[in-house]
Structures are given as structure tokens and as C-alpha cells.
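Hello,

Please take a look at the structure below. My notes follow it.

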Amino acid sequence: MRWIRWALIGATLVALPILAQNAPPAPSTRFVAVLDPAHGGTDGGGRLSSGQLEKTATLALSVRLRSLLNARGISVVTTRESDATLDSDRRATLANHAKAQLCLSLHVSESGSGVHLFVSSLAPAPEVQFLPWKTAQAAWITRSLALAGALNSAVAHAGLNVTLGRTALPGLDSMTCPAVAVELAPERASDGSVVAEPDDASYQAKAATALAAAVLEFRSEPRQP
Amino acid sequence: MIPRYQKVLFVLLLAASLAMAGILWHLRNRAHQRMLAGEDSAPTQAPEVEPAEQATLVAANDADGSLLAQERSLPLPEDPGTRARVLLGKLLDLYASPDSAHPVPGGAAGIAQVFLLPAQSAQDPLPADTELAVVNLTGSFAANHPSGIETETLTVLSICATLRANFPHVAQVRFLVDGQMRPTLAGHADLTRTYLTVNAVPTGASNP
């Protein structure tokens, strides 16, 4: 009977690697980014010097950034894919339902220069089970500042002027994820003259590439509670 | 021979003419007296101008998103609400100037009123003299304000910082447009919330 015991041990050793290969993979957390192209529909937003409305330029920037992030294996949820009217509460609702690891609210403007990054001006607060809608972002301020830091580094590395600030923006304050409002302003020379408008395709591509690089960097950072 | 009725008619017409001349003379004198009385009520002295005082305007700069404090010598009224309106009007005049670093059209006319009220807080008890400033902007100022997160945020923060620099007891600021609540200034900056002046701190100082 000894040979039977050895045969069972041998069969087990052979079968183990095969079983291991067929075992279901360990569950991995999906990295989801929410892109919120601001304005849309009846809300045109600001008007650029080219005559284009802000809602059109933000949608174009969102499409570019979504393609870059998808190509890098990041799942993207957008609050709008067309010229649809969405209020700020609806945008925050969509972002919160996506259980995203980060949210970027995309804007363009004729004022200032380069890329403006804004984090909510709410004071940091501990995360609790039920959050007030108007100040839900307070529990994510620390992570939002970390995200703004990653975006700042990447955009500056791309050679674009960056301005960091805090703001009270409807919608952003209600998001339950690390959230930053990104405002693309004209690229200006040192004398203040405009080099590229925010709706310029190559300028948007440059900015989107930098933002995508920042999202990748942020994904690799160790998460804090 | 002149008939009698013609003599009577002549006398009556002569009397009427004299009476009318007398009335005309009297009316002329009254008009003259009225004119002299009007001249007496005209101002003969220049209106009193309040003495100039040192005030701080915290002006925004779109180029780098900064808030810079500028010292100015301005004649300011005594009443705190009027004083705040004049100060904020001067700030908006800076923004309306052609070489402004934060161009916003409208100028001083963009501030309709400023009310200073006792402040309240649901969370933390505030000192008794803490005040809330309610800044009532005009609809035309909001309608013509450039749209954008940075430019709108800087306008709001520079108003808060200017109030804080000149009225240390003002801890909170709320905004109205034409006396009504409005969701945003020009599509971005939230005007429904109460701003804390402690969060609006100038990043530097500059000479005018």
C-alpha cells in the first residue's frame, strides 16, 4: 500500500500548480476617475476670445483626458458626454455614485495664465457615516490637497504655468472623493501676450497629457485613511 | 362833438390799462424778489470733506492669483456701513482702471450697500463685538464680471480681505446681488455661503 500513498503525494504535487493557475484572482480595487466637464446645455459658462463657449471647450478637454486615461488602464466616469444641462448637485451625485478615487472638475477661462488648480476651501473634517451634503468634501480635503500636489508637479514639469488656490465651488464641495477643479487659462508669454487659447487643440493635448501623468502618479501613491 | 358813450368807454379802457400796468409792475417785483431769494440760498461755501485717513485695499492679481495689500490715504465717512461701501468702491475702481491686474468692469457703482450686523455662529460662540458684513452687489456688476474660478474667487476674497484689514471685528461676509441671494457670482464662485475673513489673507504688500 506504500506505493499508493506515494502515488497520491505525487499526484497532489503535480495538481497543485494547475489548481493555483485556475484559482480566481485576488480581488483588486478598481481605480476610477471622474471627469466633470463644467457647464453644458443652457449653461454656457464663460465666453472665450475665440467666441467659443466654456461648455464646449471643457467637453473637448474631457474627451482628450478620458482617452489618455483609458489608454493607461484607468476607468473613467464622465458626468456628461454631450451638450447636456446638469446642475452642480447632479454632478456631485454622479461622482459620488461612481465611488471614484479622484474627481476632476474641468473649466476653462480667459483670465490669468496656464493651469489653475483649486481645492475646496472647506476646513478638513473627519469622515463620518452621514456627511452634510454642502460640506461633504471636508472629509477628503487632505487627499484633495495631495491630488493637487501631484497635478501641480506634473503640470509644472510639462512647462506650463501653475497657480494653486482654494475656492468655494458649488458641486466640488459635495464630492466624496479627492477632488480638484482644474481651470485651463490661456498660455501666455513673459510679456503677457497670449501664446495659446484654452480651446487650442495642441494646448489642450499638452495639458491633458500632464493631467493624465499626474493621475497615474496619484494612483501609485499609498492611500491614507 | 364826441358822443357821451365814447367818452365813458375811453375812460374805462384807460382805467383798465392803468390797472393792468400796475398788476404787471407788481408781478415783476415779485419775480425779482423770488430770484434774489434763490440766490441767497445758493451755496457760498465748499461742502465739508472728511479728513483723509490711512486705509488698506487688498487688491487681486490674476497673473499669479495673489492678494496684495496697498496703503491708501482716503477721505472716509464716519458711518461704518458707508465707510465700508466707500472702501470697497475704491477697490472696484482699481479693478476698473485700464492697467488693472484684475480687470473687472463696473467700478465703485458695483457696490450698492454694505451692512454691518452682529455675527452669529452655529458651531462656536463668537466674541460679542464680532460682525457680519453683508455686501450687496449690483446686478450689472455681477452680469459683467468675467467668468472663471480664479477671477471670481479673487474678487470675493479681495473684498473679504479689504473688509478684514479695515474692520477687524468683521469675521464673516455674505453677498447679495440686487438684494437677492444668487448661486454664483458669474457661474463659479459660490455666493450662497458665508465667507470667513480669516481665510482671506493677503499674500504680500505693494506700493500704489
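This is a predicted model: local features need pLDDT of at least 70, side-chain atom pairs count only at pLDDT 80 or more; totals for chains, interfaces and linings use all residues.

Start with B:D178. With 13 C-beta neighbours inside 10 Å, B:D178 counts as partly exposed. It sits in the loop between β5 (170–177) and β6 (195–196) of chain B. B:D178 is not a glycine, yet its phi is positive, about 55°.

A:K99 is not a glycine either, and its phi is positive at about 50°. Its loop runs between α3 (88–97) and β3 (102–108) of chain A. A:K99 is partly exposed, because 13 other C-beta atoms lie within 10 Å.

Next, the core. The largest nonpolar core has 94 residues, and A:L151, A:V180 and A:L211 touch the most other members. Helix α4 (residues 149–166) of chain B gives the most to this core: nine residues. Beyond its neighbours within four places in sequence, A:L211 is in contact with A:L65, A:L151, A:A154 and A:V182.

Now the contact between the chains. How many residues does each chain put in? Chain A gives 20 and chain B gives 19. On the side of chain A that touches chain B, β5(A) has the largest share, three residues. That side divides into five nonpolar, 12 polar and three charged residues.

Last, the domains. Chain B is divided into domain 1 (1–42) and domain 2 (52–205). Their centres, taken over C-alpha atoms, are 66 Å apart.

Best wishes

How values were computed:
Residues are numbered from 1 along each chain as its sequence is written. Chains are lettered from A and ligands numbered from 1 in the order in which they are written. A nonpolar core is a set of buried Ala, Val, Leu, Ile, Met, Phe, Trp, Tyr and Cys residues joined through C-beta atoms within 7 Å. A residue is buried if 20 or more other C-beta atoms lie within 10 Å of its own, exposed if 12 or fewer, and partly exposed in between; C-beta atoms are placed from the backbone. Helices (H or I, at least four residues) and strands (E, at least two) are DSSP runs, numbered from the N terminus. Two residues are in contact if their C-beta atoms, placed from the backbone, lie within 7 Å. Ala, Val, Leu, Ile, Met, Phe, Trp, Tyr, Cys and Pro count as nonpolar, Asp, Glu, Lys and Arg as charged, and the others, Gly among them, as polar. Domain bounds come from an automatic or database domain assignment.
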